[in-house]
Amino acid sequence: MRFVSLPLTNASMIAVNRTGLLTPHQQTILNQATPWPIWVTLLWLAMLSLVVVPLISTPSQETATSALIITAFGGTATVGVSVRQWRQALVRRRDIAAGVVTSTLGEVVPGKRGYIPQTTAGPLQIVAKIDLLPGPYRFYYLPQSRLLISAEKWQVGRDVPDKLVGHAAVAAALARVFNFTPEDLALNRARKLSPRQKQRLVRDGVFYAAGGLIILALLAFMLTRGDVSLGSIIIFSLILGGMGVYLLWQAKAHGQDAHHGIVSRMEGKVTLRVSAGPRRSTIVYYVVRGVEFTVPVQAYYALVEGLNYRLHYTPQAKKVLSLEPLGKQ
């Protein structure tokens, strides 16, 4: 996943985009967000080497058959991905270099991975998630790659104000990510846990406790072995011991939160902080008034930054239970 910041609603940039041109700052950001797909080429070369090297070193019917299988199942797909990625990068780079901007009316709608800029000709491409309240917009984009570069709110005749419609869409997206219902939210507003949330806390506490005990048991087993060096004992004690203690602390915190049934809350602007690593180790945080809350990766796409939210969480484990936009920007 990419975490690129492109200011879509900057007034000075939109003023330039209205004239049909990109700003230098937008060009810089878009070029940084459009790297050449070198990794795809390296993957293709690795696949090619699996075919060519065996044929050269030990030419035989069996080697030729293996090479044919590798080419049929892996080579074709790899070449297809490589060509598609290079074509997309070339089209985007040419669009960015030309600096020509066009516009159209459309609407931001909720999707599975965030909010999508939808037009009558289909969705526009984005370099990262967009922080736009769902509703109607005039979109400015690059004509060939259909890459969104900016957007301004478009007023249409509706019985319900667009801002309220947008807040409702954001609230629904957050409810899906954090798995809370209107009944859960009503109890959280009264600073109480719902029965569903209490059950989840107990379940998570049991998992944390089981994980911590298993790790500490594994550490104890390794320490009782006579063939383990002193250096290994120190390393394993620090790593496994720390993990075990942390998991047991989390189990205790979840248990206390479930037992007391009290919900804390905080209001303010919620910003995102991402600790990006390999796919499985990417950690997303919601930050409210300097306090960080670990949230699921999907929560990165559900949040629209720049709004004020009321966030409900457990006091010990700091687990986000529910949150709602307050309607102030």
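This is a predicted model: local features need pLDDT of at least 70, side-chain atom pairs count only at pLDDT 80 or more; totals for chains, interfaces and linings use all residues.
Residues are numbered from 1 along each chain as its sequence is written, and side-chain values use heavy atoms, with hydrogens and water left out.

**Stop 1: helix H6**

Select residues 182-189, which make up helix H6. Helices here are DSSP runs of H or I with at least four residues, strands are runs of E with at least two, and both are numbered from the N terminus. Color Asp184, Leu185 and Asn188: these are the buried residues of H6. Buried means under 20% relative accessible area, exposed means over 50%, and partly exposed is in between (1.4 Å probe, protein chains only).

Now look down the helix axis. The buried residues fall within an arc of 95 degrees, so they line one face of H6; the arc is that of the directions from the helix axis to the C-beta atoms. What do they pack against? Show helix H7 (195-224), strand S9 (308-313) and strand S10 (320-325), and you have the partners; contact means heavy atoms within 4.5 Å. Over on the other side of H6, Pro182 and Glu183 are exposed.

**Stop 2: positive phi angles**

Step just past H6 to Arg191, which takes a positive phi of about 65 degrees. Next, jump to the loop between strand S7 (283-288) and strand S8 (291-295), where you'll find Arg289. Its phi is near 55 degrees, a positive value in a residue other than glycine, and Arg289 is exposed at 67% relative accessible area. Then pick Lys318, in the loop between S9 and S10. Phi of Lys318 is near 55 degrees too, but Lys318 is partly exposed, at 34%.

**Stop 3: rings**

How many aromatic pairs does a search of the whole structure find? There are four. Rings of Phe, Tyr and Trp (its six-membered ring) pair if their centres lie within 6.5 Å; planes under 30 degrees apart are stacked, over 60 edge-to-face, and the rest tilted. Select Tyr300 and Tyr301, an edge-to-face pair with 5.1 Å centre to centre and 90 degrees between the planes. Tyr300 is buried at 7%, and Tyr301 is buried at 10%.

Finish with Arg138, whose charged end sits over the ring of Trp154, 4.9 Å from its centre. That label needs NZ of Lys or CZ of Arg within 6 Å of the ring centre and within 35 degrees of the ring normal. Arg146 sits over the ring of Tyr141 with its charged end 5.5 Å from the centre.
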